[in-house]
Amino acid sequence: MFVSDNNSGRLSLPHMKGDSAIENGGWKAFTWQNKHYLWIALLAGITHFIILRWLYPVPSYFADSFTYVGAAANNQPISFRPIFYSKLIQFFRLLSTSELALIAGQYGSWWLANLFLFFTSCYFFLLKGWKKYLLFALLILHPFWVFSSNYISSDTFFNSLTVAWFTLLIWVMHKPKWYIISLHLWLLLMIFMLRYNAVYFPIFTAVAILFATLSTWKKLAYILVAVAFVFSFIEYTSRQTEKLVGTKIFTGFSGWQYANNALHVVRNKKIDPSTIENQKVRELLVFNQSFFNTYKDSITTKASAWYMWHPQSPLKLYLRQHNAKAGFFRTWNELAPLYGKFGKTIILQNPVAYIQHFVVPNLGEYVLPRLELYDTYFEDVDTVAAVATKYFNYKSNKVSKHRPALYTAVFGHSNWLFLVLNVMGVGLGCWYYFSKQYRKYPKLINRFLLCFALFFLANFFFIVLLAPSVLRYHVPIIALAIPIVLFLITTFTNRKNEAAGSVV
């Protein structure tokens, strides 16, 4: 697998001995030698999609789906959630008046991203034998990917593009050609436009570029482009929001999220309103306390987004009191800065209570996340909302047979797989570092592993501290962790074999 560099004692990849694996034919030769995997993947992908459409000719919808479809149908410039997915819905509808092209595009994005991850992992990590077969089975043959694509949701594009973007990091570090970095930067922009929690992703792009063999001015230029992409989009979206609702904010979602998280504290701790300096924040606290005095026992104690979305949550009740003239969407955005200030104030003034009542319960949800949307088809609803029925030209608003046993077979073990990958990844990663195994492998491999470790930690802290944990938020980590854990297993077994050989 790896060969030793006599000068350093460090193991190196045979196909990377030259200055350029691509120019030396390494990548081309490798893909040609493994082309049968491509043909099997293509056959499996087509078969999966045909079976999916036969079983579920209507994809799975949930509350957010109709928001996305409504924004597409009305050609809205902004919405409650990032508008880019609605624009993608419009684009795919040009190819098919039904949602067939959209679902095919979503599954196709997963197929391409995972196939790219598979070939890249095998190329750089030199996975062979059962590890290579298992990687192919988990990334390409497992029905999880096609079934998780069967939702009208931004999740599939976000998750698959995240996997492709992160996989490109190793290519940026290995072969920083302008077209590789350009593709990486465009993926970064699209990911951020799909979901705003990607705001920290440019950090990893910057790290990869800094590790790359480039002149200082080129590194600086590429990093500035990445930052400019993100901030230009933030400014554009903020101006659009100000134009339509009169409030210049990038997204109202974050303010509502902070308020939602803070209410887990207000529900469980008596806070003296006189400790709040801002009058409007103080009034909002009193309103929420009054709500909990009446309804506390009927609300779940789990870390959740209940306060953001449920019609009877105190945040929604407060909104309706200010909704008489402005309209729901305008008021939703107008209240977001106040809700954000309220949430941050409560959290920062009560950090221990926040950890106790939101972070710790959410940590439990992180360890074994809820299947949430993946638990049932169509959330066990039997009819499609009128906005989607009309937009996608359904002949009937009735949905397909739900087949709960099939959903259990496809998704039921997924959260356990996430748990196993976490335990093995952390355990083997610590062993790899503290036993100094990293000294035996190329810098490129170690830098990529470092990027993944930091990305894993960033995702962990972002979700545990700020966002209620559900499985669909962890899917990119699952896909990326599979080849990395298999590489660490290979390293561990090689070390055991070396130890056994030395004893003999």
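**How helices H10 and H21 meet**

At what angle do the axes of helix H10 and helix H21 cross? They cross at roughly 165° and come within 11 Å, with H10 spanning residues 201-211 and H21 spanning residues 443-466. That makes H10 roughly antiparallel to H21. On the scale used here, angles under 35 degrees count as roughly parallel, over 145 as roughly antiparallel, 65 to 115 as roughly perpendicular and the rest as oblique. Helices are DSSP runs of H or I with at least four residues, numbered from the N terminus. Axes are lines fitted to C-alpha atoms over the stretch in contact, and angles run from 0 to 180 degrees between N-to-C directions.

H10 passes H21 in a right-handed crossing; a crossing is right-handed if the near helix is turned clockwise from the far one by less than a right angle, and left-handed if anticlockwise. On the H10 side, the contact (heavy atoms within 4.5 Å) is made by Phe201, Phe204, Val207 and Phe211. H21 brings Arg447, Leu450, Cys451, Leu454, Phe455 and Ala458. By class, this contact of H10 with H21 has nine nonpolar residues, no polar ones and one charged. Here Ala, Val, Leu, Ile, Met, Phe, Trp, Tyr, Cys and Pro count as nonpolar, Asp, Glu, Lys and Arg as charged, and the others, Gly among them, as polar.

**About the model**

This is a predicted model, in which local features need pLDDT of at least 70 and side-chain atom pairs count only at pLDDT 80 or more, while totals for chains, interfaces and linings use all residues. Residues are numbered from 1 along each chain as its sequence is written, and side-chain values use heavy atoms, with hydrogens and water left out.

**H8 beside H10**

H10 also packs with helix H8 (residues 155-174), at an angle of about 20° and with the axes 8 Å apart. That makes H8 roughly parallel to H10, and the crossing of the two is left-handed. From H8, the contact uses Phe158, Thr162, Trp165, Leu169, Val172 and Met173. From H10, it uses Phe201, Phe204, Thr205, Ala208, Ile209 and Phe211. The residues of this contact of H8 with H10 divide into ten nonpolar, two polar and no charged.

Another residue of H8 to look at is Ile170. Ile170 counts as buried because its relative accessibility is 2%, where buried means under 20% relative accessible area, exposed over 50% and partly exposed in between, with a 1.4 Å probe and protein chains only. Leaving out residues up to four places away in sequence, Ile170 touches Thr120, Phe124, Leu444 and Phe448. Ile170 and Val207 are 37 residues apart in sequence and 11 Å apart in space, C-alpha to C-alpha.

**H5 and its surroundings**

Next comes helix H5 (residues 100-125), where Ser121 has its place. The axes of H5 and helix H1 (residues 26-33) come within 11 Å and cross at roughly 115°, and the crossing is right-handed. Gly26, Trp27, Phe30 and Thr31 of H1 meet Phe119, Thr120, Cys122 and Tyr123 of H5. That contact of H1 with H5 has five nonpolar, three polar and no charged residues.

Ser121 is buried, at 4% relative accessibility. Not counting residues up to four places away in sequence, Ser121 touches Leu126, Leu127, Leu135 and Pro483. Leu126 lies in the loop between H5 and helix H6 (129-141). Leu126 is not a glycine, although its phi is positive, at about 55°. At 9% relative accessibility, Leu126 counts as buried.

How many disulfides does the model have? The count comes to zero disulfides, a disulfide being a pair of cysteine sulfur atoms within 2.5 Å. For Cys430, the closest cysteine sulfur is that of Cys451, 18 Å away and too far for a bond. Is Cys451 buried or exposed? Cys451 counts as buried, at 0% relative accessibility, whereas Cys430 is partly exposed at 37%.

Lys436 is found in the loop between helix H20 (414-434) and H21. Phi of Lys436 is near 60°, a positive value in a residue other than glycine. With a relative accessible area of 40%, Lys436 is partly exposed.
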